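Reader: I have a model open and would like to go through it. Can we start with the words I'll need?

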Amino acid sequence: MSARLLDGLSLAAQIRAEVAAEVAAFARWRRAPGLAVILAGDNAASAVYVRGKVKACAEVGIRSEQFSPPATATTEDLLRLVRELNQRDDVDGILVQLPLPPQVDAAAVLLAVAPAKDVDGFHPLNLGRLVSQRPGLVPCTPRGVIELLERNRIEIAGREAVVVGRSDIVGKPMALLLLHRHATVTICHSRTPNLAAVCQRADILIAAVGRAAMLDERHIRRGAVVIDVGINRLPTAEAVEMYFPGQKRTSTLIGDVDPRAACTLASAFTPVPGGVGPLTIAMLMANTLQAAVAR
Ligand code: NDP
């Protein structure tokens, strides 16, 4: 059996087009929605992510503004910036790109973002709304995974879902969204004994661990839907050849799932890159529009 690839790139383009149409309608009676992006310090990977987000904003008609405090910025500097942005009428969404420089209290900065402008859905108030199924801003990556499942007509209700990873950003909200759609959900983490046996129960297996190709043929039940949230780098030509035979590269991206196992055992799976990643940015656009409309 060869698994169906769940194409996040084309779905993300479709969602961005839908958001663009709604943004244009919104802009006609009010103004273009505005997103403020804070990129503190000089983390190269963060700069790449932010470029992708700013580019997506331009494509859908959202006005973006980037703030780049230096690597030496203090917690107080960032709190001042966030408070200013909270007050601005033309800013609907505030995104604080993580990680922040080590001397900054990241939790304090995230807590300072006005919940109505918290387009990443990281504020405890929005998390509380998610837990209690009240309307609010939902973290982009898990929201993107749900779009991917639903728009590919993958049944969630009544199925066994296993989420590997319990971060506040991905694993926990992912589990809640699946639970609210009536899946029977198990959350696994680094202290879960016999991880493979738990994963084998999954009709829907979600990997959000951050360890290259950690889940393999021992973890995937034949016919399962496998969603790979992980983004890791294979650093050597030997490693690339092992997982992607024939690809003559010295490094490449890989998810948390061994693509060879997913390809042969799963009924459907998300490639890395081109699976969940593009949806995260598309849902950021959707969240910014939602924040603008709600204000
Ligand atoms: P975190 O590091 O915050 O969380 C990782 C989770 O994996 C933790 O809950 C940890 O358990 C668990 N874990 C670690 N090792 C094991 C193990 N050996 N067995 C079982 N569980 C384990 O990562 P994030 O949730 O922020 O991100 C996860 C991955 O998703 C990363 O690769 C990240 O780059 C990627 N990502 C991708 C996005 C996208 O757009 N596609 C967006 C966001 C993230 P414990 O809690 O016990 O430590």
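Author: Helices (H or I, at least four residues) and strands (E, at least two) are DSSP runs, numbered from the N terminus. This is a predicted model, in which local features need pLDDT of at least 70, side-chain atom pairs count only at pLDDT 80 or more, and totals for chains, interfaces and linings use all residues. Residues are numbered from 1 along each chain as its sequence is written, and side-chain values use heavy atoms, with hydrogens and water left out.

Reader: OK. Where is Pro-99 found?

Author: Pro-99 is in the loop that runs between strand 4 (93–96) and helix 4 (106–112). Leu-98 and Pro-99 are joined by a cis peptide bond, with omega about 0 degrees.

Reader: And what kind of peptide bond joins Val-272 and Pro-273?

Author: A cis one, with omega about -5 degrees. Pro-273 sits in the loop between strand 11 (268–269) and helix 11.

Reader: Now helices. At what angle do helix 2 and helix 11 cross?

Author: Roughly 55 degrees, for helix 2 (residues 44–60) and helix 11 (residues 276–294), whose axes come within 10 Å. Axes are lines fitted to C-alpha atoms, for helices over the stretch in contact, and angles run from 0 to 180 degrees between N-to-C directions.

Reader: What do you call that orientation?

Author: Helix 2 and helix 11 are therefore oblique to each other. Angles under 35 degrees count as roughly parallel, over 145 as roughly antiparallel, 65 to 115 as roughly perpendicular and the rest as oblique.

Reader: Which residues make the contact?

Author: Helix 2 supplies Gly-52, Lys-53, Ala-56, Cys-57 and Val-60, and helix 11 supplies Ile-281, Leu-284 and Met-285. Contact means heavy atoms within 4.5 Å.

Reader: How does helix 1 pack with helix 2?

Author: Helix 1 (residues 8–29) packs with helix 2 at an angle of about 55 degrees, and their axes are 8 Å apart. That makes helix 1 oblique to helix 2 as well. Arg-16, Val-19, Ala-20 and Val-23 of helix 1 meet Ala-56, Glu-59 and Val-60 of helix 2.

Reader: Changing topic: how many residues surround the ligand?

Author: There are 20, and the closest are Arg-166, Ser-167, Ser-190, Arg-211 and Thr-280. A residue counts as near if one of its heavy atoms lies within 4 Å of the molecule.

Reader: What is 2.5 Å from the side chain of Ser-167?

Author: An oxygen atom of the ligand, with the distance taken to an N or O atom of that side chain. For Ser-190, a ligand oxygen atom is 2.5 Å from a side-chain N or O atom, and for Thr-280 the distance is 2.7 Å.

Notes
Polar contact = N/O pair within 3.5 Å; in protein donor to acceptor, adjacent residues only side chain to side chain.
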